[in-house]
Amino acid sequence: RLVAQGALTWYFAKRGDLVARLLHAPWRDDPYPVYRQLRERGPLVRSKLGTLVATTHQLCDEILRDRRFGVRTSDGSYGDPTAAAVELQLSLLELDPPEHSRLRKLAAPAFRPRRLETYRERIEQIADELLDGVRGEFDVIRDFAGPLPIRVICELLGLPPLDAERLAHHGRVLAGSLDGIRSARHLRQMRESFAELDGIFDRLIEQRRADPGDDVVSDLVAALDEDRITGTELVQLCDLLLVAGFETTVNLIGNGTLALLRHPDQWAQLRADPDLAPAVVEETLRWDPPVQMTMRIAHEPVELAGRRLAADTPVLALLASAGRDPAVHPEPERFDINRPDRAEHLAFSSGIHYCLGAPLARMEAEVAFRALATRLPHLHRAGAATRRPTSIIHGLDALPVTGRTLS
Ligand code: HEM
């Protein structure tokens, strides 16, 4: 069935269906011209695949905040058909209230900006250590943008220093499966990755129960003992925190570094004033966000942008298209870290599923851009960047560069 779905998408992509193109190479490498064409057709567009897509900032924001939309269908199944097909267990991301509200309340305290500020110095140390290790030609993704968030989230969850390569592999398998399953081998890899992560967290939960610390897993184990969360929910939440914690942030750092190297004037400005790093973070999130889209389901009949939607109708909110909406961002195609009156983007979504890790992701990326600008001012590209073969997660597999590290 999935192979047939893939063939159908390919067929409609070839015949000019814009939504099918978003899901298919080669258009997904640079999806932004496709988003522009979709916006020109209106705020809510129906694809030949039957999918409705929201293209503007205003409509995406409206859907994400509207409590008449959720992530599950009325029969209780997880609304995104591709994710359901590959048996993804995405914890908070696939829950509606009241389960969502209960679990989110348990995880939220660990991600409050004030608590996270205590991690800044440690993140700076990790960034420095990683840059100490690079010589001459290196790969920004493999050597810096990838390992930094993995090490940070492992420390935050209280995981022992695990094999970063192995975790990066699990992250790629699981994040890639958001797009749907590609083969029997992919499905097997996914199950293996979940099984290995579940094993890691089962052991960690036992350790924290015996010896609690000041970390999110210890807080959650206390909630488990008070019956506010089940064992399965706890492990799935940990899986989500781990994978969401690095699979997206690597792409924020990677996409931002590539944007800077493609816009040498902006790179020069950051080098001259590293305090511009937070502006680089926000402009990257608007201009080339790591999460390009998300799905919502109407829980009841809804009138939306002049259309009547029946209950259980799915709508794809194009977060990345919202970031290029000229009604909100003047000259949206221009990467410009000096935007006056910078408007809000939807890279972290909106409403009740707004990214829990946004303050952490912002801090990590800010530290990363600041470290690159101060320690590798002569950074330049040493080869072609290669894109990941995915549509929902947008990022790079490799970004070869050269540069001499200053101590
Ligand atoms: C949810 C993006 C980093 C944890 C989300 C959503 C988006 C997003 C778009 C909502 C999806 C939806 O509405 O359906 C990003 C981006 C990141 C990032 C672009 C980095 C640049 C992180 C980090 C963590 C994290 C570092 C944690 C360590 C979560 C969690 C949720 C979430 C737990 C689920 C929230 C809920 O459903 O209530 N993220 N994220 N994210 N993110 Fe992030």
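Three strands, in the order E4-E12-E9, make up an open sheet whose pairing is antiparallel. The edges of this sheet are strand E4 (137-139) and strand E9 (380-381); each has a single partner strand, so one side of each is left without a neighbour in the sheet. Between E4 and strand E12 (residues 400-402) there are 3 bridges, and the two strands run antiparallel. Within this pairing, glutamate 137 stands opposite threonine 402 in E12. As a general principle, the strands of a sheet pair through backbone hydrogen bonds, either parallel or antiparallel. The model that shows this arrangement is a predicted one.

Arginine 46 has leucine 52 in E2 as its bridge partner.

Strand E5 deserves attention in this sheet. Is strand E5 (residues 294-298) largely enclosed or left open by the rest of the structure? Of the 5 residues of E5, 4 are buried, so the strand is largely enclosed by the rest of the structure. A residue counts as buried here if 20 or more other C-beta atoms lie within 10 Å of its own. E5 is joined by 4 bridges to strand E8 (residues 314-317), and the two run antiparallel. E5 also pairs with strand E3 (residues 69-70), in the antiparallel sense, over 2 bridges. Isoleucine 297 takes part in both pairings: glycine 70 stands opposite isoleucine 297 in E5, and proline 314 is the bridge partner of isoleucine 297 in E8.

The sheets belong to a chain with 19 helices and 12 strands. The radius of gyration of the chain is 21 Å, close to the 22 Å that the globule rule gives for 407 residues, so the chain is as compact as a globular protein of that length. Along its principal axes, the C-alpha trace spans about 60 × 55 × 40 Å. Of the 407 residues, 46% count as buried. Among contacts between residues at least 6 apart in sequence, 70% join residues at least 24 apart.

The ligand is the next topic. Which residues come nearest to the ligand? Of the 24 residues around the ligand, Gly245, Thr248, Ser349, Cys355 and Gly357 come nearest. Two or more residues of this shell are given by each of helix H14 (231-247), helix H15 (249-262) and helix H19 (358-375). The largest share, 4 residues, comes from H14. Sorted by class, the shell has 16 nonpolar, 7 polar and 1 charged residues.

Several details of the backbone can be found in the loops. The peptide bond from proline 97 to proline 98 is cis, with omega near 5 degrees. Proline 98 lies in the loop between helix H5 (81-85) and helix H6 (99-107). Aspartate 227 has a phi near 65 degrees, a positive value in a residue other than glycine. This aspartate 227 is found in the loop between helix H13 (216-225) and H14. With 7 C-beta neighbours inside 10 Å, aspartate 227 counts as exposed, because the limit for that class is 12 or fewer. Alanine 305 likewise has a positive phi, of about 45 degrees, although it is not a glycine. The loop that holds alanine 305 runs between strand E6 (302-304) and strand E7 (307-309). With 18 C-beta neighbours inside 10 Å, alanine 305 counts as partly exposed.

Finally, the confidence of the prediction should be considered. The chain averages a pLDDT of 89, and 92% of the residues score at least 70. Over residues 81-86, however, the pLDDT is below 50; beyond near neighbours in sequence, this stretch has 16 contacts in the model. Where pLDDT is low, the predicted coordinates should not be read in detail. For the complex, the predictor gives an ipTM of 0.98 and a pTM of 0.93.

Note on methods
Residues numbered from 1 in each chain as written. Predicted model: local features only at pLDDT ≥ 70, side-chain atom pairs only at ≥ 80, totals over all residues. pLDDT = per-residue confidence, 0-100. Contact = placed C-beta atoms within 7 Å. Near = placed C-beta within 6 Å. Nonpolar A, V, L, I, M, F, W, Y, C, P; charged D, E, K, R; others polar. Rg over C-alpha atoms; globule rule 2.2 N^0.38 Å. Pairing = 2+ DSSP bridges.
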